[in-house]
There are 2 protein chains.
Amino acid sequence: MAKYFVVGGAGFIGSHLVRHLLADEADATVTIYDNFTSGQEWHLGDNLTSQRVTIVRGDVKDLSALKDAMVGHDHVYHFASNPDISKAVTQPDIDFWEGTYLTQNVLEAMRQAGVKKLTYASGSGVYGDTGATPVVEDMPMLPISTYGASKLAGEALIGAYCYMFDMHALAFRFANVVGPHQTHGVSYDFIRRLLKDPLTLHILGDGSQSKSYVHVDDVVSALRFVAARGMTGFSYYNVATEDYVTVKEIADLVCSRLNIQGTNYTFGGGNRGWKGDVPYVRFDSNKLRSLGWKNQRTAVEALRDSIDSMIGDAKEGKLYRAN
Amino acid sequence: MAKYFVVGGAGFIGSHLVRHLLADEADATVTIYDNFTSGQEWHLGDNLTSQRVTIVRGDVKDLSALKDAMVGHDHVYHFASNPDISKAVTQPDIDFWEGTYLTQNVLEAMRQAGVKKLTYASGSGVYGDTGATPVVEDMPMLPISTYGASKLAGEALIGAYCYMFDMHALAFRFANVVGPHQTHGVSYDFIRRLLKDPLTLHILGDGSQSKSYVHVDDVVSALRFVAARGMTGFSYYNVATEDYVTVKEIADLVCSRLNIQGTNYTFGGGNRGWKGDVPYVRFDSNKLRSLGWKNQRTAVEALRDSIDSMIGDAKEGKLYRAN
């Protein structure tokens with residue numbers, strides 16, 4: 001009877017994980033620890049009132065409360081972090097206080113509470129600007145954003161805690177994750193702006209930025225797939241599709257799904273969305289694929305599902321930026 | 001007329017750097033920012049009262065005070081961090097609060113104060129447990145201690161700030177640094193204990209732990225040597241001797257320099273000094289050597305000078321643990 005503890009469990013990826021955990025394991029219970037800044041009650045659907053779900057409204061910065069809530073659980077999933085990575089341009093310490101610091105507290109709470117298993121949401125930002133070279137897990141990492149630095153700092157801390165305090169952890173370096181409940185991201189921004197003004201759309205960079213977009217259901221399946229094989233020490237995996245989509249193609253897709261025609265695109269210039277953005281990401285996910293995992297949706301299919309879901313949310317008045 | 005700002009400038013490495021900066025550049029001025037926990041006034045010798053030296057007693061945790069003190073300087077050297085790396089066994093968040101957090105504040109103070117050049121004291125801990133493989137700068141890094149995780153987190157942050165905010169930085173991954181003003185380390189511990197009881201010496205691990213020990217003067221020469229070539233973006237270098245000394249050999253050396261004979265060694269067992277200790281470190285410093293740097297002292301010579309200096313300090317009652 002597994003007892004899961006999901007930090008950020010009402011957020012984008014966390015809420016999907018919670019749904020899968022409860023559906024896949026009939027006797028599992030889940031504690032959601034969330035401060036509900038980007039997390040939302042409606043992300044949880046019917047699980048909000050499930051007998052198998054405990055919701056703790058708390059801040060990861062409150063180490064004592066976090067530790068108290070964590071006692072007696074088997075496996076912690078840690079999704080809490082600053083979701084708006086471009087914010088660091090004007091607020092450069094945000095990824096320290098809403099990233100690295102939170103991971104430090106999650107680890108210290110686990111150690112104090114005696115919880116031994118951790119799954120961590122890392123990100124492609126750990127690699128930095130690698131150009132057309134497909135990134136593999138054991139290449140040198142040189143982040144160019146405070147978001148990437150925070151994810152790398154988190155992995156380094158987790159590896160050290162695993163070694164020093166006999167914990168077991170998995171870290172997943174995600175490509176761009178898309179799907180229902182997204183609270184940020186390029187298609188999210190495009191939908192919000194096109195609903196206000198369908199005639200013009202300003203695109204940061206030159207629109208040629210090209211990345212992998214992986215569906216949140218495929219992300220959750222990767223997390224569950226690797227954990228089911230058992231956890232020993234610290235391991236880490238890239239999670240990505242094998243196809244890539246440009247920002248310009250995403251704009252076209254959003255217009256198409258909104259049934260908008262003739263929108264005039266203007267471009268910010270340069271090839272980056274913001275300083276610290278990595279314009280091209282080529283992810284090698286063979287380490288994960290060699291274990292047997294496959295993505296069910298391509299990047300284009302993932303984006304289409306995500307866009308349709310957000311358009312639906314927008315019609316119900318649920319698409320808003322939380323902060 | 002260079003204006004240097006040395007964070008931790010009254011500490012072990014910092015105080016030697018200050019001495020060299022003032023001696024080598026007749027028109028240079030130095031601001032020392034130190035909270036004097038492991039830093040000591042006597043480390044500064046005559047420079048304590050130099051007209052070219054400003055001493056600011058402050059905490060790096062006080063971002064506002066740090067930024068105010070930093071305004072108008074050209075080049076920041078950052079040495080402030082937890083000096084007792086084995087403390088993390090019982091206080092695992094010490095390297096976060098006395099390491100990663102301080103580097104975050106140094107970078108943010110630099111950005112706010114408009115200072116563009118940084119030299120950072122990193123460490124061998126970034127690599128983790130690499131066994132007999134000589135570590136080169138661009139190999140994968142998997143720290144096994146919170147100290148190593150903190151140094152890696154610091155480097156990642158620095159790289160990100162350099163990219164996002166047009167700074168220039170050098171990071172140096174030191175082997176064990178020894179020399180006058182040491183406040184921690186294996187020979188420091190041996191001297192203190194043998195002065196209390198010359199008959200028995202307890203050695204952690206099995207005494208076969210074997211590492212490079214580099215003299216602080218050679219460390220300072222490396223920092224100055226690379227900076228003199230100009231700084232663009234973020235670069236990082238290993239700094240080490242090419243010879244290695246075991247802990248048992250250090251015990252013999254300390255006994256010999258203290259003129260003690262017949263000490264009975266007892267061993268803690270295992271091959272590590274503490275959980276998170278890396279028993280063997282083989283450092284490849286060819287990246288730095290290829291630029292023309294050479295160490296003036298071997299590991300054995302560095303240790304001998306360090307031990308003699310600490311024995312002298314002990315006789316003057318200056319060898320004590322600050323915390």
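Predicted model: local features only at pLDDT ≥ 70, side-chain atom pairs only at ≥ 80, totals over all residues.

Residues are numbered from 1 along each chain as its sequence is written, and chains are lettered from A and ligands numbered from 1 in the order in which they are written.

**The chain as a whole**

Chain A holds nine helices and 13 strands; these are DSSP runs numbered from the N terminus, with helices being H or I of at least four residues and strands E of at least two. Its radius of gyration, taken over C-alpha atoms, is 19 Å, close to the 20 Å of the globule rule for 323 residues, so chain A is as compact as a globular protein of that length. That rule is 2.2 Å times the number of residues to the power 0.38. Along the principal axes, the C-alpha atoms of chain A fill a box of roughly 60 × 45 × 40 Å.

Of the 323 residues of chain A, 49% count as buried. A residue is buried with 20 or more other C-beta atoms within 10 Å of its own, exposed with 12 or fewer, and partly exposed in between, the C-beta atoms being placed from the backbone.

Helix α1 of chain A has among its buried residues A:F12, A:I13 and A:L21. The buried residues of α1(A) pack against several elements of chain A, including β1 (3-7), β5 (117-123) and α6 (216-228). Helix α3 of chain B is mostly covered, with 14 of its 20 residues buried. After α3(B) comes B:G114, whose phi is positive, near 75°.

How do the spans of these helices compare with the expected ones, at 1.5 Å times one less than the number of residues?

| Helix | Residues | End-to-end C-alpha span | Expected span |
|---|---|---|---|
| α1(A) | 12-24 | 19 Å | 18 Å |

**How the copies meet**

The contact takes 26 residues from chain A and 27 residues from chain B, where two residues are in contact if their C-beta atoms, placed from the backbone, lie within 7 Å. On the side of chain A that touches chain B, α3 (94-113) and α4 (146-165) are the elements that give two or more residues. α4(A) gives the most, with 11 residues.

Two copies of a chain are related by a rotation about an axis and a shift along it. Here chain A can be laid on chain B with an RMSD of 0.0 Å by a turn of 180° and a shift of 0.0 Å along the axis. The two copies are thus related as by a two-fold rotation axis. The superposition is by least squares on the C-alpha atoms of residues with pLDDT of at least 70 in both. A:A153 comes closest to the axis of the residues of chain A, at 2.2 Å (C-alpha).

**Two residues with positive phi**

A:D166 is not a glycine, yet has a positive phi of about 55°. A:D166 sits in the loop between α4 and β6 (168-174) of chain A. Is A:D166 buried or exposed? With 11 other C-beta atoms within 10 Å, A:D166 is exposed.

B:H181, also a residue other than glycine, has a positive phi near 80° and lies in the loop between β7 (176-178) and α5 (186-196) of chain B. B:H181 counts as buried, with 24 C-beta neighbours inside 10 Å.

Notes:
Expected span 1.5 Å × (residues − 1).
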